[in-house]
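Take a look at the model below.

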Amino acid sequence: MKRWKAVGTRVLGALIVTAGLGMPGNAQVGTATPTVTPGEASIPEAEENDVATLPPIGPHWAFITNWLRGGIRIVDGDSGKMLGMIHSAPFSDFAIDPAGAFFYVAETMWSRGNRGTRQDLLTIYDAHSLKIVSEIPLTGRLLIGNRPLNLSISPDGKYGFVYNLDPSTTIQVVNLVKRRLASSVEVPGCGLAIAGTGVSTASLCSDGSMATIAYNSKSSGTPSRSPVFFSAEADPIFDNSFADRRSGKAIFLTYSGLIREVSISATPVIGEPWSIQQAAGMPIVTTDALLVNWLPGGREPIAFNRKTGKAYILMHMGEYWSQKASGTELWEVDVAARKILRRKRLAKPIAAVAVTQDTNPVLMLVDEDDRLLVLDGETFEQKHEVANAGNGIIHVAGN
């Protein structure tokens, strides 16, 4: 690339530095379109290159995936500015190292784009330079991306858990210290790979139970099943529910609006369900057809802040099985008290919600036009709007 200098007049192009945009791990330096006065000769001048790096992950950063186009955009919720982009294949899954040193992407690609030799990888990126640190081959990978719980990292950062379908359902355990696949454990009829306390992981199963695996260096673990606690046919659990790997606490939300708190470990503790509609003074929702109710929905319908104990749920008016509909209201819920604190009418239908994990959180909302809306967690006042932010799942630091 050349930068042009007009004879007698120096034209300085605006430099745009975006970490990771372009080739993986490299920052791109762009220039403004040169302007040359008619009649003046132009001569080329060598470009001055620069490479940007990211600071330590901020508490109000959002990582937004693009389910079809690929790429994870990094946005600072305080400034509303895009900081960089992590390259990834379409339908990939993303996770953040608990220590903030690495980003993990479980992805699938073909040598000829849409055909050829298939490669399934867990790609590790340096969190500051966005350079690829390692590519760990996998034996397969479920191609349905944009599920935050298809890829999870153990609380100590030593193991990664990748959900797979090849065609049997398995959880692939990856040793992130030695950077190799350690084992593959079958979880028949189950989905997701949810990191729990210690080195354990869990899946939700089609019979309404939870399969849990305790993994250590001496054994790949044998799945155990919990008692049945939900109906995968009558009232399924949203696969994009919330799970905290540090405490092992999960907030599972069903299509009808029931919340179940579960402590994920080798022996999970499962709480009794309760209705968010009933907490709002409404009747408990039934699964009968043609009845219109306030129901949860969207790509990412629930977020939870473990420090404040508040959940944020996207709600819409619709019939049962309208779980894909975007939210027209945002409900703020005190989970411990089982109480609806606020209901906010949304100016635009919202497909995904996330909340940062600090004591002064901000809310991240993505609408149906791929815009990221950043709201103050206390006042719900909109602070920023970021266009072309993504159309997948919102990840935040600290989960």
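In β17, alanine 202 is the bridge partner of isoleucine 194. The model is predicted. Strand β17 covers residues 200–205 and runs antiparallel to β16, with 4 bridges joining the two. Both belong to an open sheet of 4 strands, ordered β16-β17-β18-β19, with antiparallel pairing. Its edges are β16 (190–195) and β19 (224–225), each of which pairs on one side only.

Now the whole chain. The protein chain holds 33 strands and 1 helix. It has 399 residues, and 52% of them count as buried. Among contacts with a separation of 6 or more, 47% link residues 24 or more positions apart. The chain exposes about 17500 Å², with carbon and sulfur atoms supplying 53% of that area.

Next, the charges. Side chains of opposite charge can pair when their charged atoms come close. The whole structure contains 14 salt bridges. One of them joins aspartate 120 to arginine 118, with the closest N and O atoms 3.0 Å apart. Aspartate 120 is buried at 10% relative accessible area, whereas arginine 118 is partly exposed at 37%.

Glutamate 261 and lysine 249 form another salt bridge, at 3.4 Å from N to O. Glutamate 261 sits in β22 and lysine 249 in β21, so the pair ties together parts 12 residues apart in sequence.

Glutamate 385 and lysine 348 also meet in a salt bridge, at 3.7 Å. Here the residues lie in β32 and β29, so the parts tied together are 37 residues apart in sequence. Shared partners extend this pair into one network of Lys348, Asp367, Asp369, Arg371 and Glu385.

Terms used:
Residues are numbered from 1 along each chain as its sequence is written. This is a predicted model: local features need pLDDT of at least 70, side-chain atom pairs count only at pLDDT 80 or more; totals for chains, interfaces and linings use all residues. Side-chain values use heavy atoms; hydrogens and water are left out. Buried means under 20% relative accessible area, exposed over 50%, partly exposed in between (1.4 Å probe, protein chains only). Contact means heavy atoms within 4.5 Å. Accessible areas come from the Shrake-Rupley method with a 1.4 Å probe; for residues, only the protein chains shown count as cover. Two strands pair if DSSP finds at least two bridges between them. A salt bridge is a side-chain nitrogen of Lys or Arg within 4 Å of a carboxyl oxygen of Asp or Glu.
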